[in-house]
Amino acid sequence: MRAYERFLNYVAVHTTSAYGTGKAPSTECQLDLARLLVREMEQLGLEGVHVDDYGIVYGFLPATEGCEARPALGFIAHMDTSPSYGGEHVNPQIFENYDGGDVLLRGTGDVLSVEAFPSLRSLKGMTLITTDGTTLLGADDKAGIAEILTACESIIRSGKPHGRLCIAFTPDEEIGAGVDHFDVEKFGADFAYTVDGGEEGEIAYETFHACSATVRISGVSVHPGSSKNTMINAVLVAMELNALLPAADIPRLTEGYEGFFHLESMQGDVEHAQMHYIVRDHDRAFFEHRKQMLRHAAKTINERYGAEIVSLSIQDSYANMAEKILPHMELVENAKRAVSAAGMTPRVEPVRGGTDGCRLSYMGLPTPNLCTGGYAFHGRFEHIAVESMDRCAKMVELLMLGQ
């Protein structure tokens, strides 16, 4: 089975994660895909396949005879899709021999345009998979799952020699909880890769430092006709607080190593409002300064109104894994060779995001990140090419074989 065929099966399963449920996994629907993957892995011939109490799927391929002394290598992808955009009832569109032009998303009439996404030109002649405009696609990271299992199938069928291979699929990566309960000792890998990146050839071992921040605002509602010096409109206070942050430090206006504040959601009325931010920076000192800016903004608002109307909670998500990868740069060099041998051009660059590998690296499992071939994750313009997935699956296979 080709990677895209698996992928189309997986995107039909709703797996959106959710903040604040207090459960692991955060949503029950993720277990539907976990159970599907367990069945598929068992059918392929992986050993020790199971889903644990936290929704993490594990499976293993023992080393072939004579390869027992090789380091055990892990491959990891996540099952959930981002809560920032709808992930239920995904209806992919497939364009064979894509002409390189604009694409109509038939569910909404939106246009996936070359002007907005110039990389579409590089996919000309391939088979393109897009959304219909009503949901995200789910290539982040169901494409990674499909590529890993396709590589496993190829190795099992070929009988080629390999060291011990450790496979895991995690829930809740998109909410920063993907490895909260990951059992590194049980996984048993010496080194690992996440397959959770973007366009072809991408290899990343530098990530953001990351946290999430929740702002809760308690307002005072009275009749607007008699509200002078009494009403405190929580929604307007939320706007005041956001205005205290640097206006140019947002995802749209930053790139490379530049950090940002990203207001993911805001809900409220006069009495109550809530804002959810993610905060990112590659530099640890700048990252800590960004957190302090949020604290100062909350303090300023409370002083302005003479009451504790704003509460702020900040939770660290992951750290830049570069310092844990640098002593093991052979992982990056091996990935470069595999990318080239699979017909892609290697590009080592900082990832403007994070993966399960960030935290795993700090848990003693150095884990760089590899490409899936996808574009425009987390929204209705997400897309991926069938041939890109084939090449990424081949890359994973070559790494599994130690080539």
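Reader: At what angle do the axes of helix H8 and helix H10 cross?

Author: This is a predicted model, in which local features need pLDDT of at least 70, side-chain atom pairs count only at pLDDT 80 or more, and totals for chains, interfaces and linings use all residues. Residues are numbered from 1 along each chain as its sequence is written, and side-chain values use heavy atoms, with hydrogens and water left out. The axes of H8 (residues 330–341) and H10 (residues 386–400) cross at roughly 130° and come within 8 Å. Helices (H or I, at least four residues) and strands (E, at least two) are DSSP runs, numbered from the N terminus. Axes are lines fitted to C-alpha atoms, for helices over the stretch in contact, and angles run from 0 to 180 degrees between N-to-C directions.

Reader: Why are H8 and H10 called oblique to each other?

Author: Angles under 35 degrees count as roughly parallel, over 145 as roughly antiparallel, 65 to 115 as roughly perpendicular and the rest as oblique. The crossing angle is roughly 130°, and H8 and H10 are therefore oblique to each other.

Reader: Which residues make the contact between H8 and H10?

Author: Contact means heavy atoms within 4.5 Å. H8 contributes Asn334, Ala335, Ala338, Val339 and Ala341, while H10 contributes Met395, Leu398 and Leu399. By class, the contact of H8 with H10 has seven nonpolar residues, one polar residue and no charged residues. In this scheme Ala, Val, Leu, Ile, Met, Phe, Trp, Tyr, Cys and Pro count as nonpolar, Asp, Glu, Lys and Arg as charged, and the others, Gly among them, as polar.

Reader: How are H5 and H6 oriented to each other?

Author: Helix H5 (residues 234–243) and H6 pack at about 130°, with their axes 9 Å apart. H5 and H6 are therefore oblique to each other. The contact is made by Val237, Glu240 and Leu241 of H5 and by Ala297, Ala298, Ile301, Arg304 and Tyr305 of H6. Here the classes are six nonpolar, no polar and two charged.

Reader: How do you know whether lysine 291 is buried or exposed?

Author: Buried means under 20% relative accessible area, exposed over 50%, and partly exposed in between (1.4 Å probe, protein chains only). Lysine 291 has 5% relative accessibility and therefore counts as buried. Lysine 291 is in helix H6 (residues 284–305). Leaving aside neighbours within four places in sequence, lysine 291 is in contact with Cys211, Ile314 and Asp316.

Reader: Why is tyrosine 375 called buried?

Author: Its relative accessible area is 10%, so tyrosine 375 is buried. Tyrosine 375 has its place in strand S17 (residues 374–375). Not counting residues up to four places away in sequence, tyrosine 375 touches Ser119, Ser122, Leu123, Glu199, Phe381, Glu382 and His383.

Reader: Which residues other than glycine have a positive phi, and is each buried or exposed?

Author: Histidine 89 has phi near 60° and is found in the loop between strand S3 (73–78) and strand S4 (93–95). At 66% relative accessibility, histidine 89 counts as exposed. Aspartate 172 has a positive phi of about 65° and is found in the loop between strand S8 (165–170) and helix H4 (184–187). Its relative accessible area is 3%, so aspartate 172 is buried.

Reader: What is meant by a nonpolar core, and which residues touch the most other members of the largest one?

Author: A nonpolar core is a set of buried Ala, Val, Leu, Ile, Met, Phe, Trp, Tyr and Cys residues joined through side-chain atoms within 4.5 Å. Of the 68 residues in the largest nonpolar core, Phe7, Phe75, Phe169, Met395 and Met400 touch the most other members. A second, separate core of 22 residues includes Val215, Ala234, Val237 and Met275. In soluble globular proteins, nonpolar side chains tend to be buried together.
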